Amino acid sequence: MLSHKINRTDNGMLGIIGGSGFDRFDELKINRRLECATPYGAPSAPLVFGKLRGREMVFLPRHATDHSIAPHRINYRANLWALHAQGVRHIIAISTVGGISAAMVAGGLVVPDQIIDYTHGREGTFFDGVDLPLQHIDFTRPFCTGLRQQLLKAGSVAGFELLDGATYGATQGPRLETAAEINRLERDGSHIVGMTGMPEAVLARELGICYAMLAVVVNPAAGRAGLAKEISLTEIQTVAETAMQKVRQVIGALEVNHGH
Ligand code: HPA
């Protein structure tokens with residue numbers, strides 16, 4: 001049986017979890033791929049190890065390489081466990097989102113600082129008292145402050161304006177929201193909306209991984225471009241393709257210094 005023992009070594013590698021529009025990491029000079037087993041099952045895809053500008057990185061596409069796994073079916077625990085077991089202690093999560101507040105325009109890049117969780121029925125903890133003893137962790141600030149700053153700095157080095165701070169509302173999907181749901185999310189204080197930030201962020205925190213998100217606004221959230229306008233998936237794809245080029249440059253400009 002696979003052990004639930006938490007590995008404590010840090011090998012200095014930066015983990016990149018890719019989302020929609022970032023299922024492959026072609027810039028990475030790949031040296032190996034690893035199929036992993038974890039006590040929670042297999043991660044979304046084999047881990048891809050490589051170097052970018054001399055820096056060791058591990059890449060994992062959360063929806064699988066062929067983008068086949070729906071947000072509610074992603075095995076978040078296996079994904080985080082597999083990266084952690086390889087010694088990854090810093091993760092940048094790339095996520096596409098809908099823009100709710102006026103500043104969150106399509107094509108924009110945002111580094112969120114808060115989360116509201118609207119998901120349900122997902123395996124959202126390692127500490128459920130079955131495999132690992134019950135523990136209540138602090139989650140006041142769900143994203144790693146140091147890594148957020150590194151991302152913002154990388155953005156300015158790469159020449160892009162990254163918005164500093166936003167509340168990410170995590171919805172269940174895979175359907176998009178109704179206009180009324182988006183109004184409610186806004187009243188609650190969400191500025192952007194996506195489907196995968198939870199439980200990914202909390203599982204990282206449970207394992208002591210420093211986790212920050214680079215969110216890419218790919219559409220105005222439901223109703224935000226006028227009630228008559230439906231969200232176009234083709235438009236989303238076009239915006240995502242262009243914006244992901246920027247994301248790749250930001251990652252290339254990262255200088256991760258370890259420590260939180
Ligand atoms: N809602 C939820 N998730 C999303 C959206 C959206 O409008 N766009 C991209 N991911």
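Me: Looking at the end of α4, what phi does glycine 208 take?
Reply: In this predicted model, glycine 208 has a positive phi of about 75°. The glycine comes just after α4.

Me: And α4 itself, how many of its residues are buried?
Reply: 9 of its 10 residues are buried, so the helix is mostly covered, taking buried as under 20% relative accessible area. Among the buried ones are Gly197, Met198, Pro199 and Leu203, and Glu200 and Glu206 are on that list too.

Me: What do those buried residues pack against?
Reply: They pack against β1, α1, β5, β7 (114–117), β9 and β11.

Me: OK, on to the core. Which residues touch the most other members of the largest nonpolar core?
Reply: Leu47, Leu80, Leu83, Ile91, Phe126, Ile192 and Tyr211 do, out of 43 residues in that core. Several elements supply at least two residues each, including β3 (47–52), β4 (55–61), α1 (76–85), α4 (197–206) and β11 (210–220).

Me: Which element gives the largest share?
Reply: α1, with 6 residues.

Me: Leu80 is on your list. What is leucine 80 in contact with?
Reply: Leaving out neighbours within four places in sequence, leucine 80 is in contact with Ile17, Ile91, Phe126, Glu200, Leu203, Ala204, Leu207 and Ile209. Glu200, Leu203 and Ala204 are also among the buried residues of α4. Apart from this core there is another one of 33 residues, among them Leu151, Ala212, Leu214 and Ile251.

Me: Changing topic: how much space lies in the largest pocket?
Reply: About 840 Å³. The pocket is lined by 35 residues, and Ser20, Gly21, His67, Thr96 and Ile236 are the closest to its centre.

Me: Which elements give two or more residues to that lining?
Reply: β5, β10 (192–194), β11 and α5 (233–252). Of these, α5 gives the most, with 8 residues.

Me: How do the lining residues divide into nonpolar, polar and charged?
Reply: There are 15 nonpolar, 15 polar and 5 charged residues in the lining.

Me: Now the rings. How many aromatic pairs does the structure hold?
Reply: It holds 7. One of them joins phenylalanine 22 and phenylalanine 25 edge-to-face, at 5.3 Å centre to centre with 70° between the planes. Both of those phenylalanines are buried.

Me: What about phenylalanine 22 and phenylalanine 59, how are their planes set?
Reply: That pair is tilted, with 45° between the planes and 5.7 Å centre to centre. Phenylalanine 22 sits in the loop between β1 (14–18) and β2 (29–34), while phenylalanine 59 is in strand β4, so the pair ties together parts that are 37 residues apart in sequence.

Me: Why do those two count as buried?
Reply: Buried means under 20% relative accessible area. Phenylalanine 22 is at 0%, and phenylalanine 59 has 3%. Through ring pairs, Phe22, Phe25 and Phe59 are linked into a cluster.

Me: Last one, threonine 171. Where does it lie?
Reply: Threonine 171 is in the loop between β9 and α3 (179–188).

Me: Is threonine 171 buried or exposed?
Reply: Threonine 171 counts as buried, because its relative accessibility is 8%.

Me: What does threonine 171 touch?
Reply: Not counting residues up to four places away in sequence, threonine 171 touches Tyr118, Thr119, Arg122, Glu177, Leu185, Val193, Gly194 and Met195.

Methods. Residues are numbered from 1 along each chain as its sequence is written. This is a predicted model: local features need pLDDT of at least 70, side-chain atom pairs count only at pLDDT 80 or more; totals for chains, interfaces and linings use all residues. Side-chain values use heavy atoms; hydrogens and water are left out. A nonpolar core is a set of buried Ala, Val, Leu, Ile, Met, Phe, Trp, Tyr and Cys residues joined through side-chain atoms within 4.5 Å. Buried means under 20% relative accessible area, exposed over 50%, partly exposed in between (1.4 Å probe, protein chains only). Helices (H or I, at least four residues) and strands (E, at least two) are DSSP runs, numbered from the N terminus. Contact means heavy atoms within 4.5 Å. On a 1 Å grid over the protein atoms alone, a cavity is a set of points where a 1.4 Å probe fits but cannot get out, and a pocket is an open set with protein on both sides within 12 Å along at least five of seven lines; lining residues have an atom within 4 Å of a point. Grid points are joined across faces, edges and corners, and a volume is the space filled by probe spheres set on the points. Ala, Val, Leu, Ile, Met, Phe, Trp, Tyr, Cys and Pro count as nonpolar, Asp, Glu, Lys and Arg as charged, and the others, Gly among them, as polar. Rings of Phe, Tyr and Trp (its six-membered ring) pair if their centres lie within 6.5 Å; planes under 30 degrees apart count as stacked, over 60 as edge-to-face and the rest as tilted.
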